[in-house]
Amino acid sequence: MSGLCIAIALLRDGIDDVTIYEKAHEVGGTWRDNTYPGLTCDVPSRVYQYTFAPNPDWSHVFSPGGEIQAYFRGIADQFGLRERIRFGTEVVSARFQDGRWVLRTDGGAESTVDFLIAATGVLHHPRVPALAGLDDFGGPVFHSARWDHSVQLRGRRIAVIGNGSTGIQLVCGLAGVASRLMLFQRTAQWVVRMPNPRYSKFAGPTHRVLPWLDRLAYRAYKRAFDTFAVALTKPGLRRKAVAATCRASLRSVRDPALRAALTPDYQPMCKRLVISGGFYRAIQRDDVELVTAGIDHLERRGIVTDDGVLHEADVVVLATGFDTHAFFRPMRLTGRDGITADEAWRDGPRAHQTAAMPGFPNFFMMLGPHSPVGNLALTFVAESQADYILRWIRGWRRGEFDTVEPLESATDDFNARLRAAMPDTVWTTGCDSWYLNKDGIPEVWPFTPAAHRAMLASTDRAQYDLRRHVAAG
Ligand code: NAP
């Protein structure tokens, strides 16, 4: 999503020497990789789209994953991106040398570029838990982002491990398909019940004739996200209102024992809020079971919990999340003076203004460290980062500098400001989540999305090291 976004921004600005490296064989990123039953985007479709390419034909307020993937495939066609994409090509290393980046692919080919942009996603590397006996299980086991469509699901006993946004959507998708569905919950999740109405058959034609309707909806959602974000970043009324909505949603579970088992012991939104119209209904079905005992090990017949009970299953799905701290790695990035990204990030990933790194000239990231990624529309984050990167590249094309990188001091100040804001955020109120780094500090944006857009919209050149000249060349 973010790679296509920046490529289109460059092309629309008249920069046509753009190459996209893609290790898979299709575009779409997370929407290509995730094909599990029940997948929908829990961000409304009228805002989870590019502003420059509205889709009048979304079927639902929250559209299914396949429809979103079709949208991105269509974008690649519409903007002539496919001829610029090297499919099946992984960039294994990138080295800054003589003022340019030298890329090396898994096939051993080298190419040299003026600017390198990592648009490698956040929720990309599946995290497979180190569960004892995982290999001993007699049936299929796979991660939610590596769905095995050859496996028959109807009438089978299916175990889902993990109850994040993915596990909960899976429960909705598999309830009634499986003969028995077991959800293994390690930590309860707050869930907001939100209906997902279908758009009427008149919505598409109306939006096509009146395109300003899309812009209006987009603006309204954007404003709603800015308002909601304050609940994440500051204690107060809005946070209390979201918490009350979560508690009201939970009250739809009638059995007190089940309700108690589903009640988290931390504040709503501390982990990413789960939005689901169907979960509480699905979990109350007779053929769906919530298992809260810890997993001891797997054996041939199923999962044994630490109370000694064997939960027999035919299929095990690992909805156990992603390594969210990898960013562009395992690509080996070597910047100025031979410093590697692993060395620069010894204490954890950090960037200046979420998009650039000191010591790595002419290198930018889309959705880099501390980008606003929780419960928000990443498409508008990507668009503002694309604009920001494009402005630097324009300056370079005008000959104002040969290389640009943020100053170490500016990056330190920026990260100190982020750290100072963290204690106010809901993510530090006492839970574990993928937002936190190894020291328990959130790696996400602690202000509103509007503040992020404003920051990227005005570039303070004093925070950057702009150099002219470069050796050789
Ligand atoms: P996640 O939120 O990281 O959840 C992983 C789940 O697996 C948690 O319930 C975790 O339990 C559990 N788990 C991990 N290791 C385990 C182990 N060894 N034993 C038992 N349980 C274990 O991952 P996700 O659900 O894939 O979601 C990741 C993110 O993807 C979301 O937060 C969201 O940003 C995005 N997403 C978005 C949508 C959408 O509709 N927009 C849909 C799906 C996903 P603990 O809580 O105890 O750690």
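A: A word on exposure to begin with: a residue is called buried under 20% relative accessible area, exposed over 50%, and partly exposed in between, taken with a 1.4 Å probe and protein chains only. This is a predicted model, in which local features need pLDDT of at least 70 and side-chain atom pairs count only at pLDDT 80 or more, while totals for chains, interfaces and linings use all residues. Residues are numbered from 1 along each chain as its sequence is written, and side-chain values use heavy atoms, with hydrogens and water left out.

Q: OK, on that scale, is Asp337 buried or exposed?
A: Asp337 counts as exposed because its relative accessible area is 70%. Its phi is also positive, near 60 degrees, in a residue other than glycine. Asp337 sits in the loop between E19 and helix H10 (341–344), where helices (H or I, at least four residues) and strands (E, at least two) are DSSP runs numbered from the N terminus.

Q: Which other non-glycine residue has a positive phi?
A: Phe327 has one, at about 50 degrees. Phe327 belongs to the loop between E18 and E19, and it is classed as buried because its relative accessible area is 8%. For background, most residues other than glycine have a negative phi, and most peptide bonds are trans.

Q: Where is there a cis peptide bond, then?
A: A cis bond joins Arg329 and Pro330, with omega about 20 degrees. Pro330 is placed in the loop between strand E18 (322–323) and strand E19 (332–334), which is also where Phe327 is found.

Q: Switching to charges, how many salt bridges are there?
A: The count comes to 26, a salt bridge being a side-chain nitrogen of Lys or Arg within 4 Å of a carboxyl oxygen of Asp or Glu. One of them pairs Asp33 with Arg32, with the closest N and O atoms 2.9 Å apart.

Q: Are those two buried or exposed?
A: Asp33 is buried because its relative accessible area is 18%, and Arg32 is buried because its value is 17%. Both residues also take part in a network of salt bridges that includes Glu22.

Q: What does Arg100 pair with?
A: Arg100 forms a salt bridge with Asp114, the closest N and O atoms being 2.9 Å apart. This pair links distant parts of the chain, 14 residues apart, with Arg100 in strand E4 (residues 100–105) and Asp114 in the loop between strand E5 (110–113) and strand E6 (116–118). Arg100 is partly exposed because its relative accessibility is 34%, and Asp114 is partly exposed because its relative accessible area is 25%.

Q: And what about Arg467?
A: The side chain of Arg467 meets that of Asp465 in a salt bridge, at 2.9 Å from N to O. Arg467 is partly exposed because its relative accessibility is 32%.

Q: What lines the largest cavity?
A: The largest cavity has a volume of about 90 Å³, and of the 14 residues that line it, the closest to its centre are Val122, Phe327, Val373, Glu443 and Val444.

Q: How much space is in the second largest cavity?
A: About 70 Å³. Its lining has 13 residues, with Leu232, Pro372, Leu376, Trp427 and Trp445 nearest the centre, and H6 gives the largest share of the lining, three residues.

Q: Which residues are closest to the centre of the second largest pocket?
A: That pocket holds about 460 Å³ of space, and of its 20 lining residues, Pro44, Met194, Phe225, Phe228 and Ile275 are closest to the centre. Helix H6 (212–233) and helix H7 (237–250) are the elements giving two or more residues to the lining, and H6 provides the largest share, six residues.

Terms used: 1 Å grid on protein atoms, 1.4 Å probe; cavity = no way out; pocket = protein on both sides within 12 Å on 5 of 7 lines; lining within 4 Å. Points joined across faces, edges and corners; volume = space filled by probe spheres on them.
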